[in-house]
Amino acid sequence: MQAVAEHQAGERQVWEQLAQAEEAERKRLQAEFDARIALLASDSRMEGLAGTALGFVAANESAAQAMARATREIDLDETETRTLIDRQLRDAGWEADSTELRFGKGVRPERDRCMAIAEWPTASGPADYVLFHGLRAIAVVEAKKFSTDVSAVIGQAERYSLGFNSLHGGEFARPLNWPEEQAASFAGWPAQASVVEGATHYRVPFVYASNGRGYHRQFETRSGVWFRDLRRSSNHAGALAGWHTPDGLLALLGQDVDAAERQLAAEPFGYLNLRDYQVRAVQAVEAAVARGDRQALVAMATGTGKTRTVIGLIYRLLKAQRFRRVLFLVDRSSLGEQAQNAFKDARLEQNRRFTEIYELKELADITPDAATKVHVATVQGMVRRLFGSDDTGSMPIDRYDCIIIDEAHRGYILDREMGEGELQFRDEGDYISAYRRVLDQFDAVKIALTATPAQHTTQIFGNPVYTYTYQEAVIDGWLVDHLPPIRMRTLLAANGIHFDSGETVTVLNTLGSSEERVLPDEVDYEVDHFNRLVLTPDFNRVVCEELARQLDPFGEEKTLVFCANDQHADLVVRLLTDALEREHGPVHAKTVLKITGRADRPDELIRLFKNEALPKIAVTVDLLSTGIDVPRIANIVFLRRVRSRILYEQMLGRATRLCPQIGKEYFRIFDAVDLYAALDAVNTMRPVVQNANIPLAQLIQELQDPAAAATVIGLHPRTQQQITHADQVRDQVLVRVRNLLNRAHRLAGQRPEVQQALQQLQLLTGRDPRQLAALLRAMPLDDLRAFLGQHGGALLALRTDTAPSAGVDMVLAPHQDQLLSVEHGWGSYQRPEDYLSAFHAFIRDNVNRIAALDIVLTRPRELTGEHLRTLLVELARHQFTEPAVRTAFAKARHEDVAATIVGYIRQSALGSPLVPFATRVDRAVERLRARQTWTAPQLRWLERIATTLKDKVAVDEATFDHGAYASYGGFKAIDQVFAGQGRAVLSALEDEVWNDAA
């Protein structure tokens, strides 16, 4: 009983702490709410409403409940909404006061003033506002009550534009580039359909609709400032985060989109020095922009020159005046510096650098000036400028009209939006990521770049408008392939690590502390836990010794090692340095270097790794996983598991770049944790717990609120029954409680206080904690509320007991390890023989489906370069690449032959002998030479064609119309040398290449 009393006292203490926290939060939210009401109360007509709303904040209510009730009570009518809109327009730089600046009070536009004049008369009735830049009417605004679906009323503003006339001191906003003498003939912009008799043209180019609400993406039709540019019938209305500034709107009026599109269509590509696939990427984006798309995603494999491609794109768009100012957005300063350097190095027309033509603002520049065309900034920097300062007016929505998002896959996989119910209970900032808010802030076309598009990327930017895969880049010769991963299997990795009950273990904390603990139960750790939950010095020693045998610390190649955490990286640096010295003799102290976020001046270390001879081996965690261009990297080492295929492919992408200076033909993957076989694709199912940062106490409190059950947020996709906010919170509570209990059971064997907390929970509830999660899952909602009301404190106390301390605890494993084998990994195939069997089956099953495969087997003389490329791409999609097939043949059949993929296909399907392809070509040339008498020029051309064939594997007439051959006259010159028999000579040569006769 004493234990129960003590626990109840502890439970009361927890609830008292929660009450104190709730009171502090209530005061904070009430202050925010007071500020909002004060804004409304600035109009004397709003005082009564403000007082009524404030009255809802009762002492016995939570702040969240009070805010929800008060907000529901405020349903501003149109007149009241204009008070909010006036403030928003003033913040954007317009003179606005709907009670004073009214047409009926004699207010008229004036030169050098930018005014929002209310109740301006038109043929269709008075417009709520007309925005004047000087004397020029530039926009019409329709204001509606706070609860109105604002997207549906923008047509009313369009009607006022149709009915606008030039009386009362206003002027038509004709195109700015029209001379004065043409003004009288300007009829306006053609309307798609006439809704007012006699009116066929829009007279004011821009229209807005607003209900005063801030922008919420998930309620887009009922929030934000809706805007449409009427000058093109293909322009659609859309929601903005705010209002254009006067100068921004005037600049938009001066933009001639049609002329820009015509110039882009006529503009040549030659001076950009882009590769053919980069040109196709630029064309795809320009086509998307011409269609009116506001987002465009480009997926190009790491190392294929995304930055160089987009510099060419930006230059063309700026030159054609399709956009005025571009924001180049990155998520790390090192990537921003890399982009800045690329802009400075890129040579364009007349061999001039980009920065010699257009002004570039860099990371350190907070605000671009009028001459700036490109501004490089980090997401974090933009967040501070937009949302961390009172001076938000310095970053209006029209500051940039195009945003380039580099590495668009990074950091946004947890991004999500709030539901209807959640807005009434939680702060929007808890859910919408800063990244998404930055993108939503600007009225700009967004062009995103990534090598690894995933669901979360396409949800924001749509499906890629252009894709260039790693396999295509390898096949086209722009990237290097990799051999099957080299698996380093150790005894501990194969069997795991076991601790017996009662064993004393050393627990290390990443902040530097350690302590001895006695284990009450047995504990097992698999390889997935190595160096995260259990520190394994001997496993790392064995792996580092094998790496020392595989790597050359004095060679030209560089190596990137991925570790689990910073402490693990320190251990690997020491062990690998020691192993290299035992294997190779003394090495420089900087040969192996840690480059993580906690290292001293990591950006400087990255520059050293990229540009200097040392370090040769960089040991990192995540810092070098993306966006870093070091062509000399030829080895990737995995000493940690990752669960995301996107992250895995980004890591591999560090080594794919060509580096002919060191003779790099492929790169190697060293896998000590069996990552290649264990990795699955990114889970596309959205998690139940979308934001793990919401306190469990808040979820429990929301569940108790009757309003949660009354707030309908949608329909169940299968049953079509209504889903409430309470249903959503219930699911999250169940998942969080289940995870809490599971974590407690895992820790109970190591932490006696957790074991005691579980015992007390069982005593209070009368239930085995192991069965509690299932019990709660089966409870009706009302019963669950009652249970949590009674025992919620005990569960929250358990959360306190199981919460991690500062830093991360890891068990030190003194277990000895040894190397079992070093072998190539084959993914889902156990042995190279299994891989070859799958290769054979693929050829057999697809010979009638893939035309190029049929050509290879039946008439190889007809194989063209495009046929071969198509075949290689299809094979690569099924994990059959030439290096992998060649390695499998070498392992399984003990013969390593450079026979090309065509030779391996013919051997697998036809039994054709494996012969080095260069040998086949040399034999074919000798046979042709023996057939007839050739002239000296013909023999020289035979040798040239043979050299090209060895490199290309398949040649045709088109092969000789590019590169150096073009300067000799292309295939026409070859045909002339062979007296009109050029094609016949090519065919005869290819026949002899694949002639297996002795």
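## Cavities, core and salt bridges in a predicted model

The largest cavity holds about 60 Å³ of space. A cavity here is a set of points, on a 1 Å grid over the protein atoms alone, where a 1.4 Å probe fits but cannot get out; lining residues have an atom within 4 Å of a point. Grid points are joined across faces, edges and corners, and a volume is the space filled by probe spheres set on the points.

This is a predicted model, in which local features need pLDDT of at least 70 and side-chain atom pairs count only at pLDDT 80 or more, while totals for chains, interfaces and linings use all residues. Residues are numbered from 1 along each chain as its sequence is written, and side-chain values use heavy atoms, with hydrogens and water left out.

**Cavities**

There are two cavities of 30 Å³ or more. Ala281, Val282, Val285, Val298, Met300, Thr309, Val310, Leu313, Ile447 and Leu449 line the largest cavity. Helix H8 (276-291), strand E10 (295-300), helix H9 (306-319) and strand E15 (445-450) each give two or more residues to this lining. Helices (H or I, at least four residues) and strands (E, at least two) are DSSP runs, numbered from the N terminus. By class, the lining has nine nonpolar residues, one polar and no charged. Ala, Val, Leu, Ile, Met, Phe, Trp, Tyr, Cys and Pro count as nonpolar; Asp, Glu, Lys and Arg count as charged; the others, Gly among them, count as polar.

The second largest cavity has a volume of about 50 Å³. Its lining consists of Pro860, Leu863, Val902, Leu949, Val953, Ala954, Glu990, Val993 and Trp994. Eight of these are nonpolar, none is polar and one is charged.

**Nonpolar core**

The largest nonpolar core has 118 residues, and Ile314, Phe328 and Phe354 have the most contacts inside it. Helix H19 (residues 566-584) gives the largest share of this core, eight residues. Such a core is a set of buried Ala, Val, Leu, Ile, Met, Phe, Trp, Tyr and Cys residues joined through side-chain atoms within 4.5 Å. Buried means under 20% relative accessible area, exposed over 50%, and partly exposed in between (1.4 Å probe, protein chains only).

Leaving out residues up to four places away in sequence, Phe328 touches Val310, Ile314, Ala339, Phe343, Val374, His375, Val376, Ala377, Ile404 and Asp406. Contact means heavy atoms within 4.5 Å. Val310 also belongs to the lining of the largest cavity.

**Salt bridges**

The structure holds 50 salt bridges. A salt bridge is a side-chain nitrogen of Lys or Arg within 4 Å of a carboxyl oxygen of Asp or Glu.

| Pair | N to O distance |
|---|---|
| Glu95 and Arg113 | 2.4 Å |
| Lys344 and Glu362 | 2.8 Å |
| Arg487 and Glu823 | 3.7 Å |

Arg487 lies in strand E18 (residues 486-490) and Glu823 in strand E32 (residues 819-824), so this pair ties together parts that are 336 residues apart in sequence. Arg487 is buried at 18% relative accessibility. Glu823 is partly exposed at 32%.

The Glu95 and Arg113 salt bridge has an N to O distance of 2.4 Å. Glu95 sits in strand E1 (residues 95-96) and Arg113 in the loop between E1 and strand E2 (114-120), so the pair links parts 18 residues apart in sequence. Glu95 is partly exposed at 28% relative accessibility, and Arg113 is partly exposed at 26%.

Lys344 is partly exposed at 30% relative accessibility, and Glu362 is partly exposed at 24%.

Salt bridges also link Asp538, Arg541, Glu545 and Arg582 in a network.

Terms used: On a 1 Å grid over the protein atoms alone, a cavity is a set of points where a 1.4 Å probe fits but cannot get out, and a pocket is an open set with protein on both sides within 12 Å along at least five of seven lines; lining residues have an atom within 4 Å of a point.
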